Amino acid sequence: MRSEAELALLLPQQEAATGKGPREPAAPWRRWKYPLISGTTVTLFVLVWQLSGSLNWVDPLLLPPPSEILRTALELLASGYRQTPLWEHFLTSTARALVAFVVAIVSGVPLGLGMGLSPTLGAALNPFVQFLRPLPKIALIPLVIVWFGIGEGAKFFLIFISSFLSIVVGAAAAVLGVSQARRRAAQTLGANRRQLFLYVVLPNALPELFTSVRLSIGIGWTSLIAAEMVAASSGLGWMVINAGSYLRTDVVLLGIVLLGLTGYFFDWSLVHLQRRFAPWAGMDS
Amino acid sequence: MSLPPRISLQRVCKQFAGPTSAALDGDVLRDVSFVLSAGEFVCLLGASGCGKSTILNLVAGFDQADRGEVLLDGRPIHAPGPERGMVFQQPTLFPWLSVRDNVTFGPRMSGQTAQQYLPDAERYLRLVGLQDFAEHFPWQLSGGMRQRAALARAWLPNPEILLMDEPFGALDAQTRLAMQELLTTIWQTIQTTILFVTHDIDEALFLADRVLIMSARPGRIREELQVPFERPRSLEDLVADPRYGQLKRNILHVVREEAAKSLVGEPA
C-alpha cells in the first residue's frame, strides 16, 4: 500500500498551481480603467452643463449651471434656506431616513426570516405584505396625517413602511434560497434543525439579505421626499418642494444633487459592507 | 457471507409523480433488494435515470420508500444521520467557510472541541493534498480541489457508511484516477462501508468488491458480480489482466441491453 505522503504526490500538482489563489492585485491600469471611464463621462457631462449656461444655450432659470448651484450652496451654507442652515436640512433628512432604516432592518429581517422559515406565518402575513408593498406610499399620506399629525412620527412612518415591506419580502425569499444539496450536505454531517438554520440557511441568505436591504433603502430614500411633503418645515425634500414654488431652480437642483449623492453614498456603503461580510456572493462552490 | 449486513434493502419500491410530464410518472425503483456488509465496497452501476441516485437518497434518509424496507443494522432509516456520510456529485461546500472550516463542519456540529478534531482534520487535509489551502475559500479552488475537500469533509466524522453519488463524474480523467487511488487507500486504512454510484464501468471494476448492475427504469438490480482482483489494485495491472476484459465485456453486454430497452421505452 502507498504511504500517505506518496499519495499526496500522486495528486496532479499542476492543478494545485492553477488553483485560483487569493485575489491578486491587478495592474494599476486595469484597476483604474473603469473608474477613469466613469470619471471622464461625469466630467464631460458637467462641462457641457456648465457651457449650456455660460454660452446661454438654455435659460439659466430653467437649468442653472453648476457654477450657480455651487454659489447657491455656499450662500445657503452661510445664511441658510428659510432661516434654517443647509447642513441642518441635510442632517434632518438623513437622520429621519437613518432612524427609519435601522428600525425597518431590525424588525423586517427577523420577520422576513420567520415568514420564510414557517409556511404558516408566511401564509398568515403574506396577503398584507404583498398588498402593501406595491402600494404607492404617497397614497397613505392623508391617513398618516390623520393618524400621526404632522410631526416627525408621520415622516418616520412613511419612510419606515416603504423600506420595511420590501425588506420583509426580500428576507423571506433569501431564506428559501438555500439549495437542497447544501441542506443535505449539512444534514449528512449531523447538523440538527437549529444548526442547519444558524450555520447554513442564515449565512447562505446573507448576500441576498444585503441586496434586499440595498433595494429597500433606495425605496425608503425615495419616499423621503413624499414624507417631507407632509407639512414639514425642514429637510432636503421640503427644501426642494418649497424652492420649486418660488421658482428657485438653483435651490431645487442643489437639493436634487444632495439627495442623489446621499442615496448614492448609502448604496456604496452597503456594497462595501456586503463585500466585507459576504465576499462569497455570486461565487460557485 | 459471514459479516452481518449493515445496510439492507428489501423489495424497495419508489414512485415519483412527475409534476409536469406524465412520462416521468411511475415506478423509479421496483423490488430492489440487496445487502451491504460491514467494510464492503459496493458499486451501483447503471445508466442515468435508472434510479441509482434514488437508492442513495433512500439510504441517506433524504427520502422514504413507498414499499419495502431500507434498514441500517436492522432498523428502518427515516432521516439523515452522521453515521451515513455522503459525497455528492457536486462538492456542495459552504462558500462562507474556509477549506478547513468546511472539512471540520461535521465534528463541530457534534460539539467536538478543536483539540479533538484538528489533528485528524490536518491529517485528512494532507491526505487530499490541501494542507496549503486550508485557509482558502472554496471559490478560490479548482473543481478537483473542491471535490477533494468534500471527500475530506465527508470522511472526518468517521462515518460507518459512506454514500458516494458519482463523486468523480465532473473531474478530468487524470484527477479522477488520482481520486480513485486516494479513495481506495483511505478506505483500506479505515474500513468504512462504501456504496458508490457510478455509470463508469472501469471505475466500478477498479474500486468495488462487488458491482450491482441496475436495469433501465423501473430500476431493479439486474445483475450482481464479484470483482476478483487483489488489493491494492493498480489500473496498469488491472487492464493487463485477462479477467478484466472478460468482466468488462459481460457488463457492457448487460448495459447495452438495458440501454436499448430504455430507448425503446422512451416516449416519442
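Okay, let's start with α5(B), which gives the most to the lining of the second largest cavity, three residues. Helices here are DSSP runs of H or I, at least four residues, strands are runs of E, at least two, and both are numbered from the N terminus.

Quick housekeeping: this is a predicted model, where local features need pLDDT of at least 70 and side-chain atom pairs count only at pLDDT 80 or more, while totals for chains, interfaces and linings use all residues. Residues are numbered from 1 along each chain as its sequence is written, chains are lettered from A in the order in which they are written, and side-chain values use heavy atoms, with hydrogens and water left out.

So, how many cavities of 30 Å³ or more are there in the whole structure? Two. A cavity is a set of points on a 1 Å grid over the protein atoms alone where a 1.4 Å probe fits but cannot get out, and lining residues have an atom within 4 Å of a point. Volume is the space filled by probe spheres set on the points.

Two or more residues each come from α9 (180-188) of chain A, plus β6 (84-87) and α5 (143-155) of chain B.

Now the largest cavity, at about 60 Å³. Among its lining residues are Cys50(B), Met214(B) and Glu258(B). Here α9(B) gives the most, with three residues.

Terms used
On a 1 Å grid over the protein atoms alone, a cavity is a set of points where a 1.4 Å probe fits but cannot get out, and a pocket is an open set with protein on both sides within 12 Å along at least five of seven lines; lining residues have an atom within 4 Å of a point.
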